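Visitor: Could you walk me through some local features of this model? I would like to ask about one spot at a time.

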Amino acid sequence: MNRPLDLGTAGGFRADRLLDVLIPTRNRPAELAVTLSGLAAQEGVPGFGVVVSDQSDGDAAYRHPAAATMVRALRHRGHPVLLTRRLPRRGLAEHRAYLLAASAARYVLCLDDDVWLEPGTLRRLVTAIEELSCGFVGNAVHGLSYADDVRPETHRHYEEWTGPPTPERIRPGTPEWERASIHSAANLLHVTRQLDLPSGGWRAYRVSWIGGCVLYDRAKLVDSGGFDFWRRVDEKHQGEDVAAQLAVLARFGGAGVLPSGAYHLESPTTVTDREVEAWEVVLAEEETAQPA
């Protein structure tokens, strides 16, 4: 039988590290275990921390034996882990704001609880953000059940950065907004195969936003407002990651990174109340605040 799991303490966790991984979760013990297993297998970024914040209806997902074992494996490999509960639920943006406040690292990876990272992914993302010096880089997730569903019409939205990313103001209805279509299904996997990258090679490309696995320069994310807009949106929302990334893009630029080592587990969503798009609220506020 599993012995009691040490949850860690906020004061003991918060430290001046290179990287912390921030994982919000709810009602997903199996998926969380897989996500943590991917982190436990990462190399090349020693000592990164992991924060898991749970909003499950019953027991916290990290108490499941499989997830608890992966927590212990991470700690065994030298990675501090903080396990928390954030109840009552106040929406996705508030949950991410809470996780962000738990970290003092230079970089923070916002990682969904249904994403497995292949070995080498963290090292590649950290290398990319350090070389590009932008606000964020990310790996869009592959849906491998779509591996044989090739959609060449989406490939035209792939456009590489030829130098460091520059700030971009991206809004709905523009060609730039359509870049996100390359991230559905397994489109990005097909684009990557066409590039025939050398071993260890990677490319940075233009994005509107990325879901599931995004590495931020924490100070730049905070300077752009982070997720503090949670107080201004209905708690039954989605699109909080889009809102944050649009703000960072406008100030510091951002990029997607190929190849992506992020794989979606394709489990049913636990976000069933999606009445509001957070980015729509935030953009509407910005338009209202513009001088006439």
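Visitor: Where is proline 88 found?

Guide: Happy to start there. This is a predicted model, where local features need pLDDT of at least 70, side-chain atom pairs count only at pLDDT 80 or more, and totals for chains, interfaces and linings use all residues. Residues are numbered from 1 along each chain as its sequence is written, and side-chain values use heavy atoms, with hydrogens and water left out. Helices (H or I, at least four residues) and strands (E, at least two) are DSSP runs numbered from the N terminus, and proline 88 sits in the loop between β3 (81–85) and α4 (92–101).

Visitor: Which kind of peptide bond joins leucine 87 and proline 88?

Guide: Omega is the angle to look at, and for this bond it is about 0 degrees.

Visitor: What is omega for the bond between leucine 258 and proline 259?

Guide: Proline 259 belongs to the loop between β10 (254–258) and β11 (262–264). A cis peptide bond joins leucine 258 to this proline, with omega at about 0 degrees.

Visitor: Is asparagine 27 buried, partly exposed or exposed?

Guide: Asparagine 27 lies in the loop between β1 (19–25) and α2 (29–40), and its phi is positive, near 55 degrees, in a residue other than glycine. Buried means under 20% relative accessible area, exposed over 50%, and partly exposed in between (1.4 Å probe, protein chains only). Because its relative accessibility is 34%, asparagine 27 counts as partly exposed.

Visitor: And alanine 185, is that buried or exposed?

Guide: You will find alanine 185 in the loop between β6 (136–138) and α6. Although not a glycine, alanine 185 has a positive phi of about 50 degrees. Its relative accessibility is 16%, so alanine 185 counts as buried.

Visitor: Which strands are included in what covers the buried residues of α6?

Guide: Helix α6 spans residues 187–195, and Asn187, Leu188, Leu189, His190, Val191 and Thr192 are buried in it. Just after α6, aspartate 196 takes a positive phi of about 50 degrees. Counting contact as heavy atoms within 4.5 Å, the cover of those buried residues includes β7 (203–205) and β10.

Visitor: What separates the C-alpha atoms of arginine 3 and aspartate 54?

Guide: Arginine 3 lies in the segment before α1 (10–13), and at 70% relative accessibility this arginine counts as exposed. Along the chain, arginine 3 and aspartate 54 are 51 residues apart, and their C-alpha atoms are separated by 20 Å.
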